[in-house]
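Subject: Structure for your review

Dear colleague,

Please find below the structure that I am handing over to you. My notes on what was found in it follow directly after.

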Amino acid sequence: MRYQLLGRSGLRVSEMCLGTMTFGEAWGWGTSEEESHRIVDVFLDAGGNFIDTANLYVDGESERILGTALSDGKRDRVVLATKYTDAPEGDDPNAAGNHRRSMMQAVEGSLRRLQTDRIDLFYVHSWDFTTRHDEVMRGLDDLVRAGKVVYVGISDTPAWIVSRCNELADLRGWSAFVANQI
């Protein structure tokens with residue numbers, strides 16, 4: 001396996017990233033927990049170290065399964081990425097979105113399901129076109145400073161927004177996005 005630096009960081013990630021969107025069967029299809037564990041083991045044995053999930057994948061089951069798969073001493077070998085923005089269906093209008101409340105609730109839930117004290121790469125899953133850029137970037141920086149998140153990234157967002165957010169972070173001394181998942 002070959003490794004590359006992750007964006008503007010010094011973090012080394014395998015060129016192959018294991019996506020875990022189908023870990024779990026709560027949606028009526030997907031990969032069983034036992035098979036998911038085998039997939040993680042094969043990936044790690046091949047030298048992979050970059051694993052991606054999200055808080056909403058299979059209603060959180062993906063994160064829970066991944067946390068269990070990494071709980072037997074494998075966690076520190078992995079660069080663990082997860083995402084927030086979306087939330088399960090319900091009657092709370094603030095459960096989803098990029099705002100600080102959603103962000104804080106999502107990171108706490110992800111940490112619990114992943115059975116870890118930190119998320120190596122925390123992505124904004126998609127831009128909500130509602131929350132101010134400075135609220136998102138300040139909130140992400142607060143998570144980095146608190147040690148709950150190591151690096152921040154963004155996914156499914158127009159380039160001009162990514163550029164504006166990174167410029168704002170650079171100007172304010174906040175953590176900027178080091179990764180963009182297209």
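Apart from its neighbours within four places in sequence, Glu 61 is in contact with Phe 23, Gly 24, Glu 25 and Ala 26, where contact means heavy atoms within 4.5 Å. The model is a predicted one, in which local features need pLDDT of at least 70 and side-chain atom pairs count only at pLDDT 80 or more, while totals for chains, interfaces and linings use all residues. Residues are numbered from 1 along each chain as its sequence is written, and side-chain values use heavy atoms, with hydrogens and water left out.

Glu 61 lies in helix H2; helices (H or I, at least four residues) and strands (E, at least two) are DSSP runs, numbered from the N terminus. Glu 61 is buried yet has no salt bridge, and Arg 64, the nearest side chain of opposite charge, is 4.1 Å away. Buried means under 20% relative accessible area, exposed over 50%, and partly exposed in between (1.4 Å probe, protein chains only). A salt bridge is a side-chain nitrogen of Lys or Arg within 4 Å of a carboxyl oxygen of Asp or Glu. As to charge, Lys and Arg count as positive and Asp and Glu as negative, whereas His and the chain ends are not counted. Between the C-alpha atoms of Glu 61 and Val 149, which are 88 residues apart along the chain, the separation is 21 Å.

Helix H2 is largely enclosed by the rest of the structure, because 7 of its 9 residues are buried. The buried residues are Glu 61, Ser 62, Glu 63, Ile 65, Leu 66, Gly 67 and Ala 69. Their cover includes H1, strand E4 (50-52), strand E5 (79-84) and H3.

**Salt bridges**

By the rule above, the count comes to 19 salt bridges. One of them joins Glu 63 to Arg 113, with the closest N and O atoms 2.7 Å apart. Glu 63 lies in helix H2 (residues 61-69) and Arg 113 in helix H3, so the pair ties together parts that are 50 residues apart in sequence. Glu 63 is buried, at a relative accessible area of 0%, whereas Arg 113 is partly exposed, at 24%.

Two further pairs lie within single helices. Glu 35 forms a salt bridge with Arg 38, the closest N and O atoms being 2.4 Å apart. These residues are 3 residues apart in helix H1 (residues 33-45), which separates them by about one helical turn. Glu 35 is partly exposed, with a relative accessible area of 31%, and Arg 38 is partly exposed at 41%. In helix H4, Arg 145 and Asp 141 are 4 residues apart, about one turn of the helix. Their salt bridge has its closest N and O atoms 2.4 Å apart. Here Arg 145 is exposed at 60% relative accessibility, while Asp 141 is buried at 2%. An α-helix has 3.6 residues a turn, so residues three or four places apart point the same way.

There is also a network of salt bridges that links Arg 75, Asp 76, Asp 117, Arg 118 and Asp 120.

**Nonpolar cores**

A nonpolar core is a set of buried Ala, Val, Leu, Ile, Met, Phe, Trp, Tyr and Cys residues joined through side-chain atoms within 4.5 Å. The largest has 24 residues, and those with the most contacts inside it are Phe 122, Val 124, Val 136, Met 137, Leu 140 and Phe 177. At least two residues of this core come from each of helix H3 (100-114), strand E6 (119-124), helix H4 (133-145), strand E7 (149-155) and helix H5 (159-172). H5 gives the most, with 5 residues. Leaving aside neighbours within four places in sequence, Leu 140 is in contact with Met 103, Phe 122, Val 124, Val 152 and Phe 177. Apart from this core lies another, of 13 residues, among them Leu 18, Leu 66, Leu 70 and Leu 114.

**Backbone angles**

Thr 85, in the loop between E5 and H3, has a phi of about 155° and is buried, with a relative accessible area of 4%. Gln 115, in the loop between H3 and E6, has a phi of about 55° and is partly exposed, at 48%.

Yours sincerely
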